[in-house]
Amino acid sequence: MLIDVHAHFDHDRTGHADWPARNQARLVAGRKMGVTHHVASILGSWGHTSPTYFPSPTDLGYANAKMRELQAAHPAEVRGYVAVNPNHAAHALAEIELGQRRGMIGVKLAASRRADDPLLDPVCEAAARHGFPVLHHVWQHRRREWPSQEASDGVELCRLARRHPTVSFILAHIGGGGDWLHTLRAARQVPNVLLDLSGSGTDGGMLEAALRAVGPGRLLWACDVTLCTGYAKLRALGRLLGPDDLALVTSGNARRIFPAGAFA
Amino acid sequence: MIDVNVFLGAYPWRRIPGTSPEAVLRAMDAVGVATAWVTHLPSLYWKDPAEGNPWLYEVASREPRFRPVPVVHPGLPHWEDDLQEAAERHAVAVRADPGPLALAPTGVDMLRLLGAAAEVGLPVQAAVRLEDGRGRHPLDVAPELAPWVVRAWIRSHPRLRLVITHAERSFIEEVHWGSTPDEAARIWWDISWVWGPPEEHLALLLATMGPARFLLGSGQPLRLAETPGARLDLLDLAPDARAAITHDNARRLDPHAPEPR
């Protein structure tokens with residue numbers, strides 16, 4: 001079993017005329033790589049009618065519905081996160097309830113509000129009620145504000161994780177930009193934070209350092225946008241890990257933190 | 001396979017495992033790379049990069065799977081001697097990365113080196129970047145290579161050949177389609193920074209530019225040795241196109257390459 005815990009799909013209201021081809025490309029490449037499950041979200045309209053990292057409730061509602069359609073169309077391969085914007089608290093909670101009833105398996109938070117802001121607490125409490133992990137977009141060591149997002153780094157996400165010790169947090173894409181060494185220090189002693197290995201970065205030494213920092217029991221293989229770099233990291237993990245530890249990173253840890261039966 | 005983008009030696013900005021020649025050879029074996037074009041990485045940051053070249057030549061003389069790409073700094077006195085030595089020692093290329101060497105990218109020194117390398121028949125290699133700009137050390141502020149620089153370089157001498165590594169799709173397209181066919185035919189690009197599905201940047205570039213312009217390159221050990229092979233394996237490439245990228249194009253650039261294993 002090979003679970004990509006950080007995947008994305010597209011839909012017809014994102015302004016991407018090639019959205020069906022992009023969705024199909026992910027599924028086809030995933031089959032070549034041996035991916036058995038894509039756990040995915042759609043961030044609103046991907047900037048078409050509201051900003052990618054500040055999606056409007058209308059765009060999120062549509063995107064989550066499209067995510068559920070994809071899950072229904074590919075029941076063996078696709079699982080959905082409920083993407084929410086915590087600035088719109090009532091809508092976020094309603095989307096999580098709806099998503100849970102319709103078979104979605106986690107919560108996706110992008111960069112609409114700093115991770116340690118109290119507005120995220122009700123979202124995390126809802127995740128705890130349903131046994132959902134929370135996948136949180138992270139900028140590895142945010143030294144300043146970045147345009148187009150209210151990014152958070154590992155220190156800020158770990159503050160949130162300490163307030164919600166029964167929730168598993170997936171710290172997104174340590175290969176996705178920024179200084180992952182800072183993230184490894186931040187997350188080392190926060191056991192309910194797991195690191196996803198996705199992102200376009202395939203820095204030499206990153207996998208070894210992540211293993212030293214948190215061990216194979218808190219790493220999750222993933223791709224995010226670039227499947228080819230995920231594939232490279234999968235091969236490198238095969239070189240670095242024995243079969244038992246490799247199985248943890250590629251599926252065992254995901255099966256532990258997502259709701260029971262999510263990958264049956 | 002021939003990996004045209006490999007480094008030996010320590011990196012100044014963070015710990016990198018596997019930088020020794022022996023470790024790089026093991027990594028090459030793990031991914032099926034027979035030959036690597038190698039640069040002494042510290043040389044890119046030393047005040048006199050040529051101080052690293054004797055070690056590089058010595059390593060390459062002991063291990064024929066390494067083809068040396070020495071650094072030549074055209075701002076230093078008698079740099080022409082370093083270029084001449086590279087030619088005499090059958091280096092596969094020389095490199096002068098304006099960012100880390102703090103050279104004006106289209107200044108007199110750089111253009112002199114490009115012209116001289118063209119005259120002795122050595123390709124010039126340069127990296128757009130070595131790391132993602134978002135993750136660099138706060139003191140690592142060397143500017144990245146820009147597409148206009150590469151366009152200026154290739155126009156500077158009619159026989160100059162360039163090998164540009166770590167370039168993304170938009171960079172490659174800006175240079176390729178902003179050059180005459182003759183100019184574009186003298187530039188080769190490695191695939192270390194060109195994304196596969198679902199963006200399909202590599203598939204698009206191969207469809208629009210053809211496989212003759214591309215080389216397999218990883219940037220290892222700063223980047224995973226597995227990356228370019230994984231990228232190619234996600235494409236449905238014809239065998240001759242794959243062979244062009246993995247070794248045929250590189251062999252044509254290297255008349256002194258060892259025989260394939």
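This is a predicted model: local features need pLDDT of at least 70, side-chain atom pairs count only at pLDDT 80 or more; totals for chains, interfaces and linings use all residues.
Q: Which residues of helix α9 of chain B are buried, and why are they said to be on the same side of α9(B)?
A: The buried residues of α9(B), residues 201–209, are B:His201, B:Leu202, B:Leu205 and B:Leu206. Because they cover an arc of only 130° around the axis, they are on the same side of α9(B).

Q: What do the buried residues of α9(B) pack against?
A: Contact here requires C-beta atoms within 7 Å. The buried residues of α9(B) pack against α7 (169–176), β8 (214–215), α10 (227–233) and α11 (239–253) of chain B.

Q: Which residue with a positive phi follows α9(B)?
A: B:Gly210 follows α9(B), and its phi is near 85°.

Q: Which residues of α3(B) are buried, and why are they placed on the same side of α3(B)?
A: In helix α3 of chain B, residues 79–88, the buried residues are B:Trp79, B:Asp82, B:Leu83 and B:Ala86. Their arc around the axis is only 100°, which puts them on the same side of α3(B). The face turned away from the buried side carries the exposed residues B:Asp81 and B:Glu88.

Q: What surrounds the buried side of α3(B) in terms of packing, and what phi does B:His90 take?
A: The buried residues of α3(B) pack against α2 (53–62), β4 (94–95) and α5 (108–120) of chain B. Just after α3(B), B:His90 has a positive phi of about 60°.

Q: How do you know which strands of the sheet in chain B stand at the edges?
A: The open sheet has 5 strands in the order β4-β5-β6-β7-β8, with parallel pairing. β4 and β8 of chain B each have a single partner strand, so one side of each is left without a neighbour in the sheet, and they are the edges.

Q: What makes β6(B) and β7(B) a pair?
A: At least two bridges are needed for a pair. Strand β6 (residues 162–165) and strand β7 (residues 187–190) of chain B have 3 bridges in the parallel sense, and they count as paired. Within this pair, B:Val163 stands opposite B:Trp188 in β7(B).

Q: How do you know that β4(A) pairs with β3(A) and with β5(A)?
A: The cut-off is at least two bridges. β3 (residues 78–84) and β4 of chain A pair in the parallel sense over 4 bridges, and 3 bridges join β4(A) to β5 (residues 134–136) of chain A, also parallel. A:Tyr81 has A:Gly106 as its bridge partner in β4(A), while A:Leu109 stands opposite A:His136 in β5(A).

Q: What makes the crossover from β4(A) to β5(A) right-handed?
A: The term applies if, with the strands pointing away from the viewer, the path from the first strand over the helix to the second runs clockwise. The chain crosses from β4(A) through helix α4 (residues 121–130) of chain A to β5(A), and this crossover is classed as right-handed. β3(A), helix α3 (residues 89–101) of chain A and β4(A) also make a right-handed β-α-β unit.

Q: How many residues does each chain give to the contact, and which helix of chain A gives the most?
A: Chain A gives 28 residues and chain B 24 residues. On the side of chain A that touches chain B, α8(A) gives the most, with 9 residues.

Definitions and conventions:
Residues are numbered from 1 along each chain as its sequence is written. Chains are lettered from A and ligands numbered from 1 in the order in which they are written. Two residues are in contact if their C-beta atoms, placed from the backbone, lie within 7 Å. Helices (H or I, at least four residues) and strands (E, at least two) are DSSP runs, numbered from the N terminus. A residue is buried if 20 or more other C-beta atoms lie within 10 Å of its own, exposed if 12 or fewer, and partly exposed in between; C-beta atoms are placed from the backbone. The arc is that of the directions from the helix axis to the C-beta atoms.
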